[in-house]
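Work through the exercises below with the sequence and the model at hand. Each task is followed by a solution in steps.

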Amino acid sequence: MPDYDAIVIGAGLGGLSCASLIAKSGLKTLVLEQSDIVGGCCSTFELKGYKFDVGASLVEVTRPLETLFEMLDRKREDYIDLIPCDPIYSFITEDGRRFSYPTDIEETTKVIEQIAPEDVEGWKRFSSIGIEMINRSMDAIMLSPLNTFKEAMLMGIKNPPVLRYLPTFFRTHQGVVRSYYSNPTIQASVAYQSYFAGAPPELGSGIFGFIALSEHLGIYYPKGGMIAIPQGIMRAGSEYGLEVRTNAKVEKILTQNRTAFGVMLEDGTEITSRLVVSNVNAQVTYLKFIRPENLPEWAIKGIASYKPSMPCPMIYVGLKTKPDLDAHHTVITGSIDSMNEVWNKYYVLGIIPKTAMSLVCWPTEADPDLAPEGHHILNFLCNAPAPYAPLGDNWDRLKDSYREEAIDLLDKHVMPGVREHIDIVEVSTPLDFERRLLQPQGSIYGLFSDMTTLAMFRPRSRSKAIKNLYLTGSSTHLGGGVPTTIASGIVTSRYIIRDHT
Ligand SMILES: Cc1cc2nc3c(=O)[nH]c(=O)nc-3n(C[C@H](O)[C@H](O)[C@H](O)COP(=O)(O)OP(=O)(O)OC[C@H]3O[C@@H](n4cnc5c(N)ncnc54)[C@H](O)[C@@H]3O)c2cc1C
């Protein structure tokens, strides 16, 4: 008898979502997490009384999370308190102008009218087409199994409106943006989200062009920090017998005759199971945990062909004062061309870009309890994406100068005089991300996503090469993100429940 029905490697959002659902279906399930906390990229660590979010800083598109809790027969609000953030974003343009987009679409129309009356008509078209697209196709695209052409065709047959939107997948993000807007400021305000999917506007799929609209359905911050989401999912799963073990690093997936039957931990302990789910990067799963000698040639070639997604250094700032900001998130924008330039002229050449474009998150605006009384937190993402291996240098050496440049940027563009209010500053470089999460090259979304790496072009949720092996999380369809990885956990659980219960 195996020790467990299912072992899940990694307590990220995909792993915990999948694990809690299969535990509910009656499978004796164990999650193994190498770090001392759950949540991976969506977690929170404490330093000198400040609770800093490791990576993810907001939740947009809450449908997969709500669906997960419905499938668990639990009320999401009993487990995770989501605080709405309105305005969605405040923007600071290159010339220092500030404006904000409220959640309300009509109110946003008024903001756009003031900046670029010529784009009001485009905004109205964008919002009406986009809301219909989101409402009619989001569940189908996110929550359907899309491992094969056959499954994709079945999804299209069951959801005809999706077919109408299919060409959008094969357009670029910037193509979609430019077809609705002509004003560079407005274009920039809806184009930077392509980096949320890990690609510049000229490479990102057009479907991500509508992230900017999905945000008007509401963006949220969980009380207690981003870790409250994986903790809430884990708590609901544990009510169905789910076990989660932290400080448990998996070294190997046990296989025989190309069938998974358990894992070996770093200390040599073997734990057996009927099936294994990996929430870890797909290349690590196949090439390190299983090893090339246990894989067919086509699988080695296939998995090796993916590129890692971009890394993103983060600056965590503890402030002794309240920052003078207008929203939970502030974006310092640049033009679409400059967003592409950061990628082409710097990131891919191994050079750290020097740009003002950045994203500043102010979590204590929503939840003051994250910092000591009267103090605040800014989680700050600048000069990103930055290469994992800076040409002729390394991040451990660059860390201090990088931190100083980031604070200078904050001082110049966001909060003049910020230095005198700083209590602590911590930097997480791509190397730090790699060490903390064991994510190769510190990539923040697992594998790179563009038009050619979605759906059946991404590693499958149910492995074709290894029987009883399943994958979930950002390496699988639809890539990185809080909603997408929760959705991937739901999809993977459906395969497992179909195959094993
Ligand atoms: C800087 C940054 C900012 C982001 N901002 C946002 C945002 O604002 N909104 C949004 O929607 N998304 C955001 N994301 C993306 C989102 O957080 C991630 O895509 C998502 O949380 C990843 O979930 P996952 O299921 O792929 O698991 P991961 O978070 O990748 O977790 C995998 C887990 O596996 C564990 N693990 C690795 N190796 C082993 C091993 N050998 N044994 C055991 N355990 C192992 C890791 O420790 C980790 O806990 C951001 C990500 C980053 C890094």
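Helices (H or I, at least four residues) and strands (E, at least two) are DSSP runs, numbered from the N terminus. The model is predicted: local features need pLDDT of at least 70, side-chain atom pairs count only at pLDDT 80 or more, and totals for chains, interfaces and linings use all residues. Residues are numbered from 1 along each chain as its sequence is written, and side-chain values use heavy atoms, with hydrogens and water left out.

**Exercise 1.** Classify the ring pairs Phe 91 with Tyr 192 and Trp 343 with Tyr 347.

Solution. 
- Step 1: Rings of Phe, Tyr and Trp (its six-membered ring) pair if their centres lie within 6.5 Å; planes under 30 degrees apart count as stacked, over 60 as edge-to-face and the rest as tilted. The structure holds 23 aromatic pairs.
- Step 2: For Phe 91 and Tyr 192 the centres are 6.1 Å apart and the planes stand at 70°, so this pair is edge-to-face.
- Step 3: The pair joins distant parts of the chain, 101 residues apart: Phe 91 is in strand S7 (residues 89-92), and Tyr 192 is in the loop between helix H8 (184-191) and helix H9 (211-214).
- Step 4: Phe 91 is buried at a relative accessible area of 0%, and Tyr 192 is buried at 9%.
- Step 5: The ring centres of Trp 343 and Tyr 347 are 4.6 Å apart with planes at 50°, so the pair is tilted. Both Trp 343 and Tyr 347 are buried.
- Step 6: One aromatic cluster is formed by Tyr 89, Phe 91, Phe 99, Tyr 101, Tyr 192 and Phe 196.

**Exercise 2.** Which rings lie under the charged ends of Lys 307 and Lys 464?

Solution. 
- Step 1: A charge sits over a ring if NZ of Lys or CZ of Arg is within 6 Å of the ring centre and within 35 degrees of the ring normal.
- Step 2: The charged end of Lys 307 sits over the ring of Phe 448, 4.8 Å from its centre.
- Step 3: For Lys 464 the ring is that of Trp 298, with the charged end 5.1 Å from its centre.

**Exercise 3.** Describe the residues that surround the ligand.

Solution. 
- Step 1: A residue is near a molecule or strand if one of its heavy atoms lies within 4 Å of it. The ligand is surrounded by 36 residues, and the closest are Gly 14, Glu 33, Gln 34, Gly 481 and Val 482.
- Step 2: Helix H1 (13-24), H15 and helix H16 (482-500) each supply at least two residues of the shell. H16 gives the most, with three residues.
- Step 3: A backbone N or O atom of Gly 14 lies 2.8 Å from a ligand oxygen atom. A side-chain N or O atom of Gln 34 is 2.7 Å from an oxygen atom of the ligand.

**Exercise 4.** Which residues of helix H15 are buried?

Solution. 
- Step 1: In H15 (residues 430-437) the buried residues are Pro 430, Leu 431, Asp 432 and Phe 433.
- Step 2: These buried residues pack against strand S14 (314-319), helix H14 (395-414) and strand S18 (422-428).
- Step 3: Just after H15, Leu 438 takes a positive phi of about 55°.

Conventions: Buried means under 20% relative accessible area, exposed over 50%, partly exposed in between (1.4 Å probe, protein chains only). Contact means heavy atoms within 4.5 Å. A polar contact is a pair of N or O atoms within 3.5 Å; within protein, one must be able to donate a hydrogen and the other to accept it, and residues adjacent in sequence count only if both atoms are side-chain atoms.
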